[in-house]
Amino acid sequence: MAAQATLHCLTGCAIGEILGMVIGTAFGWGNMATMVLAIVLAFFFGYSLTLRSVVKAGVDLRTALRVAFAADTLSIAVMELIDNGVIALWPGAMDATLADTLFWGALSLAVAFVVTTPVNKWMIGRGKGHAVVHQYHR
């Protein structure tokens with residue numbers, strides 16, 4: 001269950017992270033602006049995936065927002081910390097362009113998945129995180 005929850009969060013994070021990096025790089029934004037956009041979009045898409053499934057189950061938007069925030073915030077935050085930390089610390093990664101292998105290699109989403117899965121397992125074991133979402137799945 002923890003791996004599935006992590007994969008769910010990773011999907012939203014990956015969409016937002018890659019889209020943010022692509023947009024920032026394409027527009028020639030600085031490293032910090034690009035990273036902030038990528039993080040904001042990672043949270044947006046991560047929450048959106050949970051919201052979609054919870055609202056589809058018939059939950060009102062306000063409750064669905066609370067569920068998404070409770071289920072995903074720590075998971076997304078850990079993923080973003082790991083992924084952006086690797087990008088920031090990897091020599092040359094912050095200056096890589098979309099055509100560079102380094103740009104795509106430094107996106108450490110697999111590392112973020114490995115680190116975040118135990119976090120989600122810990123949260124689910126305490127009835128938090130994605131354990132909250134499962135009551136809304138049909």
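Helix axes here are lines fitted to C-alpha atoms over the stretch in contact, and angles run from 0 to 180 degrees between N-to-C directions. On that basis, the axes of α2 and α3 cross at roughly 145° and come within 8 Å. This is a predicted model, where local features need pLDDT of at least 70, side-chain atom pairs count only at pLDDT 80 or more, and totals for chains, interfaces and linings use all residues. Residues are numbered from 1 along each chain as its sequence is written, and side-chain values use heavy atoms, with hydrogens and water left out.

**Confidence**

- The protein chain averages a pLDDT of 85 (the predictor's confidence in each residue, from 0 to 100), and 93% of the residues score at least 70.
- Confidence is highest in helix α2 (residues 31–56), at a mean of 91, and lowest in helix α6 (residues 130–134), at 62.
- Helices are DSSP runs (H or I, at least four residues), numbered from the N terminus.

**α1 with α5**

- Helix α1 (residues 2–26) packs on helix α5 (residues 109–125) at about 135°, with the axes 8 Å apart.
- That angle makes α1 and α5 oblique to each other (under 35 degrees is roughly parallel, over 145 roughly antiparallel, 65 to 115 roughly perpendicular, and the rest oblique).
- The crossing of α1 and α5 is right-handed.
- On the α1 side, A2, A3, A5, T6, L7, L10, A14 and I18 make the contact, against L109, F113, T116, T117, N120, K121 and I124 of α5.
- Those residues come out as 10 nonpolar, 4 polar and 1 charged.

**α1 with α3**

- α1 and helix α3 (residues 61–89) pack at about 45°, axes 10 Å apart, so α1 is oblique to α3.
- This crossing of α1 and α3 is right-handed too.
- T6, H8, C9, L10, C13, E17 and M21 of α1 meet D72, S75, I76, M79, E80, D83, N84 and I87 of α3.
- The tally for α1 with α3 is 7 nonpolar, 4 polar and 4 charged.

**Aromatic pairs**

- The structure holds 4 aromatic pairs (Phe, Tyr or Trp rings, using the six-membered ring of Trp, with centres within 6.5 Å).
- One of them, F43 with Y47, is tilted, at 5.8 Å centre to centre and 50° between the planes (under 30 degrees is stacked, over 60 edge-to-face, the rest tilted).
- F43 and Y47 are about one helical turn apart because they sit 4 residues apart in α2.

How values were computed
Helices (H or I, at least four residues) and strands (E, at least two) are DSSP runs, numbered from the N terminus. A crossing is left-handed if the near helix is turned anticlockwise from the far one by less than a right angle, and right-handed if clockwise. Contact means heavy atoms within 4.5 Å. Ala, Val, Leu, Ile, Met, Phe, Trp, Tyr, Cys and Pro count as nonpolar, Asp, Glu, Lys and Arg as charged, and the others, Gly among them, as polar.
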